[in-house]
Amino acid sequence: MFSTGTILGLSVNRRAIGDDLELSDTRGNFLRLAEFSSTAFPVAGPTRTGYSLTASSVYRPSSFDGNSFDPNAPTTLNPGTYSVAYAIGGEAETFDLEVSSDDTWKDVLQSLALNLNSVQDRFKMETETVDVPYYDPSMSGIKSVKRFRGTVTAVDPKLDWQLELSENSGDYTAAQLNTPLLSTLGLEGTAQPGSNAEIRVNGRDMEAAGDFTLDQGRLSLGVDSTFGDPGNLQVRDPQTVLQNNLTDIVSAYNDLYSLLRVNSDILAEDLPGRFSGPYKARQDDLAAIGLRNGEKDSLSLAPDAFSTAYAAEPEDTGILLADASRGLIPQWQQAVEQTLEQQDADLVRAPNTLKKLDFSFENALNNEFRSLIMDLLG
């Protein structure tokens with residue numbers, strides 16, 4: 001027998017709260033009576049698939065970059081009341097600013113920022129100290145001086161929102177007629193008018209004020225630059241990607257270590273150990289996640305053991321492999337960089353009697369092993 005009804009669901013933006021959500025009854029037993037409980041997997045991972053992408057526009061909020069002034073110098077604005085108008089997202093308002101005869105440029109800019117930020121929340125003005133270069137003929141060169149300026153930026157604008165600032169022409173004050181506020185401060189024209197992000201995904205045009213969400217919210221996509229030729233984005237299982245990359249690194253390690261082992265009679269005693277040592281120091285732990293020692297100290301990765309370990313303890317597995325201070329792969333990277341910094345003569349036992357090495361340390365180390373490590377560590 002089928003029936004219809006209403007289901008109450010609660011979802012949380014984890015990026016906004018940062019922590020897990022907990023619910024409890026403070027009066028009555030609603031949660032128990034409604035059988036309100038958490039799901040085991042509240043958000044499924046993104047679908048493993050591919051996307052064809054082009055990007056024609058990058059999201060940029062409206063912004064204004066003002067002129068820079070000597071913060072302690074007296075303002076050249078006439079004393080009096082200034083009236084300014086703004087418009088954004090269908091909201092249009094005016095506000096006043098009072099300028100006194102003893103105000104400095106820093107006083108004016110800070111007062112303007114305080115007024116702007118207190119009457120609305122759709123844009124924000126900030127003040128900052130900047131280094132401005134100038135040519136000083138007496139000192140024969142380019143110097144810099146500290147200056148003060150204001151910047152205005154739209155805050156989380158919606159689609160197609162653009163910020164406009166203007167002198168309130170309908171209510172010009174006497175002070176404003178002679179020294180317009182915005183043009184004097186350099187805030188009458190936008191440094192960046194504001195634009196939506198525009199992409200084409202699998203033949204479908206999309207527009208957003210910020211990042212895009214695909215696959216019913218499971219995939220977030222941001223655009224940093226435009227590109228006209230279609231690019232391919234592949235969504236793959238992170239465990240599979242990590243496992244494949246680790247397999248490639250282990251194979252490259254075996255090639256390198258075999259070279260060092262075969263030439264161990266002429267190499268500095270500590271050289272092979274630089275690469276085998278990080279594994280041997282945590283051999284039992286690494287073997288438990290499937291990275292095992294074989295014949296002649298070669299390594300191999302057991303896929304099933306790695307999959308089991310990663311599924312059960314992904315954080316611990318990540319620490320063993322990639323922790324900056326004690327992970328296997330960063331320690332291998334350190335060994336590579338340390339060796340590349342040395343001269344070949346410092347890496348052999350008897351440089352005076354050895355006419356020529358049969359191989360180059362540069363070629364042996366600055367190769368696939370090194371590049372795979374750097375790719376994996378980002």
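What is the order of the strands in the open sheet of three strands, and with what pairing?

Analyst: This is a predicted model, in which local features need pLDDT of at least 70 and side-chain atom pairs count only at pLDDT 80 or more, while totals for chains, interfaces and linings use all residues. Residues are numbered from 1 along each chain as its sequence is written, and side-chain values use heavy atoms, leaving out hydrogens and water.

The order in the open sheet of three strands is β4-β3-β7, and the pairing is antiparallel. Strands here are DSSP runs of E with at least two residues, helices are runs of H or I with at least four, and both are numbered from the N terminus. Two strands pair if DSSP finds at least two bridges between them. β4 (91-99) and β7 (164-167) are the edge strands; each has a single partner strand, so one side of each has no neighbour in the sheet. On average, neighbouring strands of this sheet are turned by 25° against each other, direction ignored. Such angles are taken between axes, which are lines fitted to C-alpha atoms (for helices, over the stretch in contact); they run from 0 to 180 degrees between N-to-C directions.

Between β3 (residues 80-88) and β4, nine bridges make up the antiparallel pairing.

Of its 378 residues, 33% count as buried, where buried means under 20% relative accessible area, exposed means over 50%, and partly exposed lies in between (1.4 Å probe, protein chains only). Among contacts between residues at least 6 apart in sequence, 65% join residues at least 24 apart.

G45 and R218 are 173 residues apart in sequence, yet their C-alpha atoms are 6.2 Å apart in space. G45 lies in the loop between α2 (30-33) and β1 (50-57), and with a relative accessible area of 45% G45 is partly exposed.

A helix elsewhere in the chain is α11 (residues 328-340), whose buried residues include W332, A335 and V336.

Definitions and conventions:
Contact means heavy atoms within 4.5 Å.
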